[in-house]
Amino acid sequence: MNDLEQFAHPRSVEEALALLAAGRDQARPLAGGTGLVLAGGPRARVLVDLSRAGLDAISLAAGELRLGAMATIQATARSRAVVDAGLEGLAEAAAACASRLLRNQITVGGNLVGLRPWADLPPMLLALDARVRLRSAGGEREVGIDEFLARHPERQLRAGELLVEVAVPRAGARAGCAFLKFARTAVDCALCDAAAFVRLDGGAIREARVAVGALRPLPQRLRAAEAALAGREPGEAVFAAAGAAGAAEAEVAADFRASPEYRRELCGVLVRRVLEAAAGRAAGGRPS
Amino acid sequence: MKLDVRLNGVPRTLDVSPGAVLLDVLRDAGCRSVKRGCETGDCGACAVLVDGVPLASCVVFAGQVEGRSITTVEGLGTPDRPHPLMEAMVAAGAVQCGFCAPAMIISAKALLDENPDPTAEDVKHALDGHLCRCTGYVKQIEAVLDAAARLRAAAAKEGAR
C-alpha cells in the first residue's frame with residue numbers, strides 16, 4: 001500500500017499549495033506524521049511536509065487567537081497568547097493530549113484533519129466556537145467548527161486544499177472556559193472529554209457552549225445542556241441539571257475501552273464539573 | 001532516497017527507503033540506544049532529539065528530519081566520559097534492565113536545556129511519555145533532579161573562573 005517516493009519541504013504556503021496542485025491525487029500534505037506512520041504510510045507518491053511552510057505561529061489579533069495549523073500541541077499548551085486571550089481551557093485541552101513526546105509532534109491542524117475519536121482539542125474548539133481557515137491555489141474560505149466537525153474533517157477538504165489556521169474568538173469580559181479529560185492514566189486516550197465556555201451577564205448565564213469528545217467517532221455539542229443553562233444563575237443545581245441533560249442527549253458509542261453506560265455516567269459528571277470551572281473563571285473578574 | 005542529517009554532531013548522508021521510519025534508520029546507522037518498544041508512540045523508548053526537541057522516533061518518517069540535527073544518547077556521553085545525566089541515573093539506581101533509560105535521558109536532556117532548575121513536577125511532565133517496567137518512576141525523577149544540581153554546580157564553577 002506504500003507508494004511513497006519522495007518528500008517535499010516547501011518554505012511557504014504558496015509553495016505547498018503549488019506542490020499539492022501539481023501532484024494532484026499523488027501528493028498529500030503531511031503535518032506531524034504520527035497518524036500517517038501508524039497507518040503504514042500514505043497512498044501517495046509525494047508527501048508535502050508542512051513543517052517549514054511558516055504555518056506554526058500562534059498569535060493574538062484584535063478579536064481572536066490564531067493558531068497556525070502546524071503549531072504543535074505542546075506549543076499551544078504553553079502559549080502565552082492562549083492565556084492572554086482568556087482561553088485557559090484551550091491550554092488545558094492541549095496539555096491533556098497524549099504525552100510530551102507526542103505533544104511535541106502532533107499539530108493543531110493534524111489533530112483536527114486526522115481526527116481520532118479521543119482527540120482532546122476538537123471538543124474544546126467546538127465549545128469555543130472556533131473557525132477554520134482553508135486555503136487552496138484558488139483562494140481561501142472559512143468554515144465554522146460546528147460544520148467542519150459535522151463529518152470527518154478529512155472529507156471536508158477539497159482536492160488541493162489545506163487547513164492553514166484555526167481562529168478562536170477571545171473569551172472577552174466576564175467569560176471563561178475550561179476542559180476536563182477522563183482517562184485511565186494521564187497519557188491514555190480519553191474515555192470522555194468535556195469542554196465548556198460560559199459568559200455571564202449580571203448574575204445570570206448569558207451564553208454557554210458545552211461539548212464532549214471520545215463518546216463517538218466525532219465530538220459533539222450538547223445543546224440540551226446549553227439550554228439548561230441559558231438565563232439561569234450559575235450554581236450547583238443548575239450545573240447538575242445541565243450535566244444530566246447532557247448525559248441524556250449525548251450520542252455514545254461502545255468500544256473495548258468502556259461501556260456506553262459508563263461513558264454516559266462520566267459525561268454527566270464531567271459536564272457538571274467543567275461548567276463549574278468555566279463559570280468560576282467567568283466570575284473571576286477578568287478585565288475586559 | 002538520500003537523507004542528509006547531522007547525527008550526533010556529524011553530517012551524514014543516509015540511504016533510506018522513502019517510507020522508512022526514523023527509528024529504523026537510526027538503528028541501522030548504528031545508534032542502538034534507540035529502542036524499539038511499542039512502535040506506536042506509547043512507550044517512549046525510541047525518543048531522540050530533533051533540533052533539540054524530543055520526539056518518539058517510531059512515529060516519525062525519516063523524510064521529515066531532512067536537514068535536521070538528531071541527537072541520541074550516543075551523542076551525549078560515553079562509558080568513559082558519561083554525561084551528568086548518565087552518572088545521576090546510575091547513582092540513583094534508576095536503571096535496571098536499561099531498556100527505557102537512554103530515551104529517558106534524552107527527554108531529561110531537553111528539559112534541563114530549557115529549565116536548569118526544574119521541580120519534581122516539571123520532571124514528571126517531561127518524562128510522562130516514558131514507560132519503565134523495572135524500577136517504577138521515583139528514582140528517575142531523583143536522578144534528573146540530581147543531574148540538574150550537578151550541572152548547575154558545574155556551570156557555577158565555570159562561571160567563577
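How many bridges pair strand S1 of chain B with S2(B), and in which sense? The answer is 6 bridges, in the antiparallel sense. Strand S1 of chain B covers residues 2–7. One facing pair is Arg6(B) and Pro11(B), the latter in S2(B).

Before I go on, a caution. This is a predicted model. Please keep that in mind throughout.

Let's stay with chain B. S1(B) and S2(B) belong to an open sheet of 5 strands. Read across it, and the order is S2-S1-S5-S3-S4. The pairing here is mixed. At the edges stand strand S2, residues 10–15, and strand S4, residues 53–56, of chain B. Each of these two pairs on one side only. From one strand to the next, the twist averages 40°.

Strands in a sheet pair through backbone hydrogen bonds, and they can do so in a parallel or an antiparallel way.

Now chain A. Here we find an open sheet of 5 strands in the order S4-S5-S8-S6-S7, with antiparallel pairing. Which strands stand at its edges? They are S4, residues 58–60, and S7, residues 139–144, of chain A. Each has a single partner strand, so one side of each lacks a neighbour in the sheet. The twist in this sheet averages 20° from one strand to the next.

Look at the S7 end. Strand S6 of chain A, residues 131–136, pairs with S7(A) over 6 bridges, antiparallel. Within that pairing, Val132(A) has Val143(A) in S7(A) as its bridge partner.

Next, strand S3 of chain A, residues 46–49. Is it covered on one face or on both? Both faces are covered. Val46(A) and Val48(A) are buried on one side, and Leu47(A) and Asp49(A) are buried on the other.

Strand S1 of chain A, residues 6–8, pairs with S3(A) in the parallel sense over 3 bridges. There, Gln6(A) stands opposite Val46(A). Strand S2 of chain A, residues 27–30, runs parallel to S3(A) too, and 4 bridges join them. In that pairing, Leu30(A) stands opposite Asp49(A).

Move along to strand S11 of chain A, residues 204–213. Why call it largely enclosed by the rest of the structure? Because 7 of its 10 residues are buried.

What does S11(A) pair with? Start with strand S10 of chain A, residues 192–201. 9 bridges join S10(A) to S11(A), and the two run antiparallel. Leu200(A) stands opposite Ile205(A) in S11(A). S10(A) and S11(A) form a hairpin, with 2 residues between them. In that turn sits Gly202(A), with a positive phi of about 60°.

Then comes strand S12 of chain A, residues 220–221. It is antiparallel to S11(A), with 2 bridges joining them. Ala211(A) faces Arg221(A) in S12(A). This hairpin has 6 residues between the strands, and Ala214(A) takes a positive phi near 75°.

Now some helices. Helix H5 of chain A covers residues 88–96, and its buried residues include Leu90(A), Ala93(A) and Ala96(A). After H5(A) comes Ala98(A), with a positive phi near 40°.

Further along is Thr107(A), in the loop between helix H6 (100–103) and helix H7 (108–113) of chain A. Is it buried or exposed? Thr107(A) is buried, at 3% relative accessibility. Its side chain reaches the backbone nitrogen of Gly110(A) at 2.9 Å.

Last topic: rings and cysteines. Over all chains, the structure holds 1 aromatic pair. There is also a charge over a ring. The charged end of Arg257(A) sits over the ring of Trp118(A), 5.2 Å from its centre.

How many disulfides are there over all chains? There are 0.

For scale, a disulfide needs the two sulfur atoms within 2.5 Å. Cys38(B) is partly exposed, at 29% relative accessible area.

Technical notes:
Residues are numbered from 1 along each chain as its sequence is written. Chains are lettered from A and ligands numbered from 1 in the order in which they are written. This is a predicted model: local features need pLDDT of at least 70, side-chain atom pairs count only at pLDDT 80 or more; totals for chains, interfaces and linings use all residues. Side-chain values use heavy atoms; hydrogens and water are left out. Rings of Phe, Tyr and Trp (its six-membered ring) pair if their centres lie within 6.5 Å; planes under 30 degrees apart count as stacked, over 60 as edge-to-face and the rest as tilted. A charge sits over a ring if NZ of Lys or CZ of Arg is within 6 Å of the ring centre and within 35 degrees of the ring normal. Buried means under 20% relative accessible area, exposed over 50%, partly exposed in between (1.4 Å probe, protein chains only). Two strands pair if DSSP finds at least two bridges between them. Axes are lines fitted to C-alpha atoms, for helices over the stretch in contact, and angles run from 0 to 180 degrees between N-to-C directions. A polar contact is a pair of N or O atoms within 3.5 Å; within protein, one must be able to donate a hydrogen and the other to accept it, and residues adjacent in sequence count only if both atoms are side-chain atoms.
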